[in-house]
Amino acid sequence: MKCVGKNVLRAEGEDKVTGRAKYIDDLSFPGMIYGHTVRSSVARGRILSVARDPAFDWGGFTLVDHRAIPPGGRNIVAMIVEDQPFLAVDEVRHREEPILLIAHADPERLAEAVAHIEVHYAPEPAVLDLEHATTVLKELTISKGDLEQGFAQADRVVEGSYFTGAQEQLYIEPNGVIAVPGVDGKSITVYGSMQCPYYVQRALRLLLGLDETQVRVVQTTTGGGFGGKEEYPSILAGHAALLACAAGRPVKMVYDRLEDLVATTKRHPARIRHRTGVQRDGTLVAMEIEVDLDGGAYVTLSPVVLSRASIHATGPYRAPHVRVRGRVLQTNTPPTGAFRGFGAPQSQFGIELHMDRIAEELGIDPVALRQKNLYASGDVTATGQRLDGSVSAHEVLERALQRHVKKKRPKKKDGLLRGTGVATFFHGSGFTGGGEVKLASRAGIELTPRNVRLLVGSTEIGQGTRTMHAQIVADTLAIPYEWVETADPDTARVPDSGPTVASRTCMVVGRILQRAALDLQQALGPYRTPDEFRRRSRKLLAKRPALQFIAQYDRPGDIRWDDATYQGDAYGAYAWGCNIADVEVDPITYQARCTRLTAVIDIGKAIHPLLACGQIEGGSLQAVGWALYEEVVMRDGRMANGQLTNYIIPTTLDTPEILVELVENPYPHGPFGAKGVGECPVDGPAAAILNAIRQATGVRLNAIPATPEKIMQAMDAR
Amino acid sequence: MMRASPFSYFAPITIGEVAKILAGEGPRALLLAGGTDLIPNMKRRTQTPAVLVSLRRVAELRGLANGRIGSAMTLSSIAESPHLSPHRALIRAAAQVATPHIRNAATLGGNLCLDTRCNYYNQNYEWRQAIDFCMKRASDGGGHPVRNEDGVCWVAPGSPRCWAVSSSDTAPALIALGATVTLVSIAGRRELPLNDLYCDDGIAYLTKPSDELLTEVVLPDATGWRSTYWKLRRREAFDFPVLSVAAAVKLASDGTVLDARLVLGAVASHPLLIAEAQELVGMPLSDDAIERLAAAAARFAKPLDNTDFALGWRKRVARAYVTGALRELRGDDPATLGLLARRATALRPLS
């Protein structure tokens, strides 16, 4: 009867494949009108005037600017720093910054009306890329040992700079919400495609000056998030709410692909610099690392992206003397934000290319260099965290080598250039440092006469949250999986389980649910069979319709973290991974193609192996796209290729054969030993592919995406 | 994306009825076959026909026999047709258009009459509005794009003409194969060499008047001919070509070239027939001859900055592609011709 570790049917799968699932654009409310955003057409400047054409018939239109924010409310998007307005007041700091909102019952008339609105600006000089950026939005330093002493011990110092481009999350369903004003005029309900209903609720409360009983946020079936629906839906929900309050009618706002591409967040472009002291035998003795991220025009979540990027910047390698300096720089481009991996893919791209460079300069095999320096149990990280238990860096590498070599094919003489590259990586599960303690997430179980219902704020965004949580609770209670259902994430019904981000939904929230289940079990008293569980449940409920057991995050006793010094246990547990990539480069077209990718990842325990493998395949492919295809072309501060004919992601035919192997080295504080899985797969493939291109062509690329133009240029320069 | 603007809809049953409707409605009307390009264009308002004439019920347009292909045949039925296997360039071109889903709906006639494309034109309404529209503009209530007298060409701002790019895969292949097309209007029917259907202009890219219907494609006898089609795109599926090479040669038993045609696609507003291919006639396909033609063809390939990829790269690859395609026709082992050649041959087994 145990279901953990088995591939049970997806909880919401049938609704999705039969079309019963309702996405935001499938929903409608009586009297609903459609909202649209008027955005800035300059990258930076002062707004001189916003003029409406008096000759145009404005009847039936609702228009809203920053002055519509009610007294008691604030024109600030609630995030880390209070710098970003919902609607520009007198200045704009990036292209596509929202200035004005407009709504009408006929969505076709919106474009017509927008053409009759003129915004005049006094443009100011804009900084459009990382290269020219100087304003620092956030900086941090992680120090271990004494860098000077480390370099003094080195036989050789190896330097390198590495660059990664922006990337779009490209969920299938664009951002969209519907805001429904309350009849009392003092409350609002927002339905939408999102990862974090409680983030949206908090943003709406600050914007409208309402309390938590007055703002209800409901997640509708969501077609993917990947971080792109972590913080952005707060802005969109705020816009729809302002229009709904002004019009007194429900307002739907669903972005089309162009708007979603040009206006919403992307992965932070990054510049990673390494200076490494290394001994002749390959031992790393000093690592000096600089991590610079392009934050765009506002701070948004960049400080925490930087934190994760910097902590992961050393890669899974031990070194006695380390200094990581991280900075987020401001540019006049749309703010960058959360994207699967959250900074770690950028910084580990840097170290993994750099490791191959070190190996080459020392004349050591890149695998041997890694084996010499990979973390093992008992090692201490740059933040001073002693790693013990569930450290699998060596194991994933060994197993990847076995797996990959086993399938080796004979070399063909077809003129194609072939190479193989490797990358090893790690990924901390859950919020960084003291983040989980601050979140104090809650989740629970509702016992009903019929079944057990999960009350959890974590959202299903395609990754399998509902299925995996139900499996954890079913096995904890020793009842059938089918007896566990999940309440819709609705701030009026479920507690705040923290955001659905940071590879925390299984390890952290799953554990909270497990503890709630244990509370329920204790209340029931001993039972031997599911039927007895049911009998006892009914007795316990007596005449009550339901009984709730809510548990709160409980810090595993041995975790400590100091935010001021950036020292301590950065994460409760790490997932460990290794990628090996085979690449072919066509010497005629200079196109590179990844033909085979091995991914071996230790996730502690696969609650649902098929979903876990799916996460790893999908994440790996997202990284293949980032490495070879996906290029955000910016022109004057705006994404120039804002459509899917030009911003391309790999199709099925571009997808390598992906060999996934799960390693289950349990983490004692995760449910059934589980750690995080969602983000880790994105950390390695890009570096493995570029290391393979190096081997295939002899040219070293330091930047992704590795488009044929870049490969041609590099090969010409040889 | 907006909804398509309102239109009236006709569903005639015979070619004669179609011709009558076209004559009556004039340029307001557009033919709807697979709709895979037209419908999204209508939602982006790059095409805004007041009248749609569906060809779905016109059975006469769906034949395939004796080298005659009805214009409403789907691209997948062409790619899979055993009758067409001697015309390898066509099969390869049809098999590489977009995706299986689109090929199952898209038609040969539609691909031949495909609107020219440009990064400044194939955008949604708001995007184009933001750049004050370019020279090419949807006419109000008219199906065919018209010249916007106030608009500039954003690709070449000083230019008096529009540089949108011919992006059909089947057109270069069929021109290389020497195909003709049959056009029907109420005035009667006429046959035209396919190359003469196209005009070197991004707006008025077809020479046929709007009241004419392309009913079929006629292929000459392929005996003695070998042909191929190489398509360059960033991914292995879905994308429009950024360069294509269609080549056909007729060889004598001793390997002497009796006739040759070379067409480049996606480098101009029309498929570019390279006259220099005739210089191969009377000689064997030697490395020298191939290199000379490749160099000549590359000179004609003047891609502009209006599709994907950097120009220098596309120009370089054009030369390599012509070389590769001709070497393939000479009988060189396709496995030595690089990645894309292998992809093309892997598409489906060819007899």
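## Interface of chains A and B

Chain A and chain B bury about 3,300 Å² between them, 49% of it on carbon and sulfur atoms; buried area here is the accessible area (1.4 Å probe) that two parts lose on being put together, summed over both. Glu108(A), Ile588(A) and Gln591(A) supply 17% of the area that chain A buries against chain B, more than any other three residues. The contact, defined by heavy atoms within 4.5 Å, takes 37 residues from chain A and 39 residues from chain B.

This is a predicted model, in which local features need pLDDT of at least 70 and side-chain atom pairs count only at pLDDT 80 or more, while totals for chains, interfaces and linings use all residues. Residues are numbered from 1 along each chain as its sequence is written, chains are lettered from A and ligands numbered from 1 in the order in which they are written, and side-chain values use heavy atoms, with hydrogens and water left out.

## Polar and charged links across the interface

Four salt bridges are found across the interface of chain A and chain B, a salt bridge being a side-chain nitrogen of Lys or Arg within 4 Å of a carboxyl oxygen of Asp or Glu. Arg593(A) and Glu236(B) meet through their side chains in a salt bridge, with an N to O distance of 3.4 Å.

On the side of chain A that touches chain B, the elements giving two or more residues are α2 (108-114) and α17 (708-716) of chain A. Helices (H or I, at least four residues) and strands (E, at least two) are DSSP runs, numbered from the N terminus. The largest share of this side, four residues, comes from α17(A). Its residues divide into 15 nonpolar, eight polar and 14 charged, where Ala, Val, Leu, Ile, Met, Phe, Trp, Tyr, Cys and Pro count as nonpolar, Asp, Glu, Lys and Arg as charged, and the others, Gly among them, as polar.

## Sheets in the two chains

In chain A, four strands form an open sheet of mixed pairing in the order β16-β23-β24-β27; two strands pair if DSSP finds at least two bridges between them. The edge strands, β16 (417-429) and β27 of chain A, each pair on one side only. β16(A) pairs with β23 (residues 573-585) of chain A in the antiparallel sense over 13 bridges, and the bridge partner of Val422(A) in β23(A) is Ile580(A).

Chain B contains an open sheet of three strands with parallel pairing, in the order β1-β3-β2. Its edge strands are β1 (8-10) and β2 (29-32) of chain B. Four bridges link β2(B) and β3 (residues 51-54) of chain B in the parallel sense, and Ala29(B) stands opposite Val51(B) in β3(B).

## Salt bridges and backbone features

Over all chains the count comes to 65 salt bridges. One of them joins the side chains of Arg46(A) and Asp90(A) at 3.5 Å, N to O. Arg46(A) lies in strand β2 (residues 45-52) of chain A and Asp90(A) in the loop between β3 (62-64) and β4 (91-92) of chain A, so the pair ties together parts that are 44 residues apart in sequence.

Ile704(A) and Pro705(A) are joined by a cis peptide bond, with omega about 5°. Pro705(A) is found in the loop between β28 (703-704) and α17 of chain A. Phe672(A), although not a glycine, has a positive phi of about 55°, and Phe672(A) is found in the loop between β27 (657-663) and α16 (685-697) of chain A.
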